Amino acid sequence: MALHRLQRIAVAPLSVSGGAPTKVQREMSTLPRVYVTRQIPPEGLRLLHKSGQVQLELWDSDDVPVPRKELLQRVKGVDGLLCVLTEKVDAELLDAAGPNLKVLSTMSVGYDHLNLEELKKRGIHVGYTPDVLTDAVAELTVALLLTTSRRLIEAAHEAKTGGWGTWRTLWLCGYELANSTVGILGLGRIGVAIAERLAPFKVRKFIYTDVAPRPELAKAINAEYVSMDELAKQSDFLAVCCALTPETNKICDRNLFSKMKKTSIFINTSRGGVVNQEDLYEALSTGQIAAAGLDVTVPEPLPTNHPLFTLKNCVILPHIASASYTTRNAMSALAANNLLLGLRGEPMIKGLNL
């Protein structure tokens with residue numbers, strides 16, 4: 001219910017105080033300049049156009065990110081910037097934008113593409129889009145877990161290419177959730193939502209680790225707080241849901257994989273940077289762990305000749321966890337509203353506390 005309320009807030013257009021904008025207010029020269037770095041879903045663009053508050057410039061493509069050189073030119077003198085996670089917002093970009101830039105809104109829940117120190121130093125208000133994608137990410141995580149553990153990609157390939165012969169007793173056998181232990185690395189709303197969806201599969205036990213125990217969230221799923229070592233040792237399925245920070249960068253490495261069961265399934269739908277991909281390849285190719293499912297990698301897109309693509313026990317998706325029509329529109333609307341509120345000097349619906 002809380003998520004549904006937030007979505008309704010995110011898609012509701014902001015009213016413009018004082019009735020309909022006057023002709024003077026609509027003059028381009030008097031409106032704050034805003035640059036949008038991608039052709040975001042229609043709900044967000046509709047809100048920006050309908051607000052009458054901004055002079056809008058847009059990189060009009062959803063297929064190709066704005067080239068860096070073009071971006072540095074377009075942001076000069078803007079008052080607001082709405083970006084997505086493919087744009088690196090660093091000192092170079094902020095210098096190019098200049099002192100007029102007061103508000104940045106990113107259409108993402110993660111903000112590792114933003115230099116928060118530089119943004120704070122310059123007094124720029126930052127909005128982001130958490131919560132509205134919780135359901136979509138949780139659903140995709142469960143789908144990826146089942147696809148990986150039950151070897152569905154392999155099975156579909158065998159059926160399609162003639163590998164489906166006589167019935168065999170152990171052919172394409174995988175691992176089931178019933179009576180298993182599911183570990184969650186980074187227990188937030190998404191981790192809880194994943195556990196809620198997995199519970200009906202008769203999971204025996206949920207465990208988690210985080211920077212500190214999170215008893216209120218853990219209570220909702222009856223999860224036990226354990227150390228990182230115990231998380232690795234006990235988990236039959238390990239789902240990574242943590243943010244990418246200096247502390248979590250490549251936290252899933254050889255040390256973690258070496259402690260996991262040979263029958264364990266590793267799933268990452270957070271950020272690619274939390275995994276040492278070379279160590280993961282070694283763990284998968286040597287049978288140290290059974291399989292892995294990844295929705296995020298480094299880099300993105302992952303080159304098609306990357307060694308992980310050669311492994312049958314590794315399922316890789318192109319970062320689609322939040323890719324539902326409902327969620328992407330809610331994200332774009334929340335990003336637009338964050339931007340408009342920030343330009344008006346009002347608190348954002350979801351702003352980072354820098």
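These questions and answers go through a predicted model of one protein chain.

User: How many helices and strands are there in the protein chain?
Analyst: The chain contains both kinds of element. Its strands number twelve, and its helices number 14.

User: Why does the protein chain count as compact as a globular protein of its length?
Analyst: For 354 residues the globule rule gives 20 Å. The chain's radius of gyration is close to that value, so the chain is as compact as a globular protein of that length. The radius of gyration is 22 Å.

User: What share of the residues of the protein chain count as buried?
Analyst: A residue is buried when its relative accessible area is under 20%. Over the 354 residues, the buried share is 48%.

User: Which residues of helix H3 are buried?
Analyst: Helix H3 covers residues 42-51. In an α-helix, residues three or four places apart point the same way, because each turn takes 3.6 residues. The buried residues of H3 are Glu43, Gly44, Leu45, Leu47, Leu48 and Ser51.

User: Which residue follows H3?
Analyst: The residue after H3 has a positive phi, near 70°. That residue is Gly52.

User: How far apart do the end C-alpha atoms of residues 142-321 lie?
Analyst: An unreviewed UniProt entry annotates residues 142-321 as "domain: D-isomer specific 2-hydroxyacid dehydrogenase NAD-binding". The span is 32% helix and 16% strand. Its end C-alpha atoms are separated by 10 Å.

User: How far apart are the centres of the positive and negative side chains?
Analyst: The protein chain carries 39 positive side chains and 36 negative ones. The distance between the centres of the two sets is 3 Å.

Methods
Residues numbered from 1 in each chain as written. Predicted model: local features only at pLDDT ≥ 70, side-chain atom pairs only at ≥ 80, totals over all residues. Heavy atoms only, no water. Helix = DSSP H or I, 4+ residues; strand = E, 2+ residues; numbered from the N terminus. Rg over C-alpha atoms; globule rule 2.2 N^0.38 Å. Buried < 20%, exposed > 50% of the residue type's maximum accessible area, 1.4 Å probe, protein only. Lys, Arg positive; Asp, Glu negative; His and termini not counted. Charge placed at Lys NZ, Arg CZ, Asp CG, Glu CD. UniProt positions renumbered as here; feature names shortened; annotations may be inferred.
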